[in-house]
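The following exercises concern the structure shown below. Each task is followed by a solution that goes step by step.

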Amino acid sequence: HVDSSQSHVDSSQSHVDSSQSPQRAPESFTNNHTSSPGLGCQERVRYNPLRPQHTCMQVSGYVRLATAKRLTTEIEDFLRQVEPTEQSRRHRDDIVLEVTAAVRECWPDARVEVYGSFATDLFLPHSDVDLLVMKAEASENKSALQIVSERLRCLTWCRYMKPIQNASVPVVKLTADVSLLPSANLPDAALAPRYPFNPEHLQQQHQVEQPCTGAEACIAVDVTLDCNIGDAPIALRDFVIHHLDRLPMMRGLVLVLKHFMFQQGLNDAYKGGLTSHSLILLLIFYFNIPEVWAAYEAALDPESEGYIDKEWWYGEWLMRVMQWLSEFPFSDVGIVVEPMSYVPLTNYGFGILTTGECDPELPDLDASGIAMPRSKAQANLLHIEDPFNKGNIAKGSFEWWLVRRTLQAAYHMLRTHEEPSPLLRIYGGVAEGKSPLAAILDRAHVAARVDALLKHKTNKHMLTATF
């Protein structure tokens, strides 16, 4: 176990701890800095994703400020559009109540807990409802999954159902027809179609026999049995709620990034995408990095040089988060959210954590300090240790390499976005620039930028090899 606040490295253990408290930066990470983390108005800051610092807004150029302002306006509008209606909440409450009643008919002592995005208020109109059945028991002839599946199949609103017995965690996937729920007879029962709904995506996600067609609104439901996970999802739910209370701004960023992953087709856990759980833990970890936490506190203080005005707020923080997600060495360094620490996954990652610097020119080191070639066995893997259940919660994200490239392309689009000045728009007849948020939500535009960046990288390597 290696404490990063100490100057020496104990090579006998595999973990490298960061500061125990998010309020204080590790000493070894601050020895080379003349200013406090996140504070001070520096014109240029060399970005180190292990201890991210950013140029403060007062000295940022017009392009950065204009992009942040435009993004903030669009994000606030997006959040208003996807804010759940009272009717959509009623639909989900109906599902919870009816599944709970059905489960208790099977096992009177069973308990049904709500977890996931609906429980943490991080759900979008296309989000599913996650339910955990506690104390489910098998009979002599049937498994617990078979028993509950047969009962849930009888629910009037259950359009499609698929039990998955062979998964690491037994789960029943349902599709609820909103028009058949009890609350559908209340005024304004139909869900407002303000949000893009893709029936084909729902069909693929749940492997149902028939898709929802036309204007029908469906809600996906996952009923999980606690055979192998215990109450870990409930503990994780409470953990997320706690951090959302500490950082209310994080909710808006999570919703934007969740929708970004959905639009790119990279949010499906069964296809190797980045799950909502992993995404939320990544953001919790980021905001608890000492430098980021100090910058967040400074951003709230109007007297601080690091203050971020509300007109730049969401846009600036979205760009900061996406830069970190794009540049952190996830293939070499894993993260532990609670307690906050790092895990070296490769020899190169060990070298990064030994110095506290993320530099591509660093030599690869083994535990004894001998240079070694970088192992590619761990390449393109994402490692996030589950705070309440031993193991890597992101082990199913086998398409992380694609998620990573997509995030890098989207951040590059935001970083290079240019807004025409007001004078050019008023007197020069220049039209307003393309929406930066709409650009990164457009799968075709992001894919084109991915191809362009890969081509540029390939040409750069060929040029370097020539000389």
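A salt bridge is a side-chain nitrogen of Lys or Arg within 4 Å of a carboxyl oxygen of Asp or Glu. The model is predicted: local features need pLDDT of at least 70 and side-chain atom pairs count only at pLDDT 80 or more, while totals for chains, interfaces and linings use all residues. Residues are numbered from 1 along each chain as its sequence is written, and side-chain values use heavy atoms, with hydrogens and water left out.

**Exercise 1.** Determine which residues are linked with Asp 121 in a network of salt bridges.

Solution. 
Step 1. Asp 121 meets the side chain of Arg 89 in a salt bridge, at 3.1 Å from N to O. Arg 89 belongs to helix α3 (residues 86-106) and Asp 121 to the loop between α4 (117-120) and β4, so this pair ties together parts that are 32 residues apart in sequence. (Helices are DSSP runs of H or I with at least four residues, strands are runs of E with at least two, and both are numbered from the N terminus.)
Step 2. Asp 121 also forms a salt bridge with Arg 251, whose closest N and O atoms are 3.6 Å apart. Here the loop between α4 and β4 is linked to helix α8, and the two residues are 130 residues apart.
Step 3. The network consists of Glu 83, Arg 89, Asp 121 and Arg 251.

**Exercise 2.** Classify Arg 89 as buried, partly exposed or exposed, and do likewise for Asp 121.

Solution. 
Step 1. Buried means under 20% relative accessible area, exposed over 50%, and partly exposed in between (1.4 Å probe, protein chains only).
Step 2. Arg 89 has 24% relative accessibility and therefore counts as partly exposed.
Step 3. The relative accessible area of Asp 121 is 25%, so Asp 121 is partly exposed.

**Exercise 3.** State how Arg 70 and Glu 74 are separated in helix α2.

Solution. 
Step 1. Arg 70 and Glu 74 form a salt bridge, with the closest N and O atoms 3.1 Å apart.
Step 2. The two residues are four residues apart in helix α2 (residues 62-82), and therefore about one helical turn separates them.
Step 3. Both Arg 70 and Glu 74 are buried.
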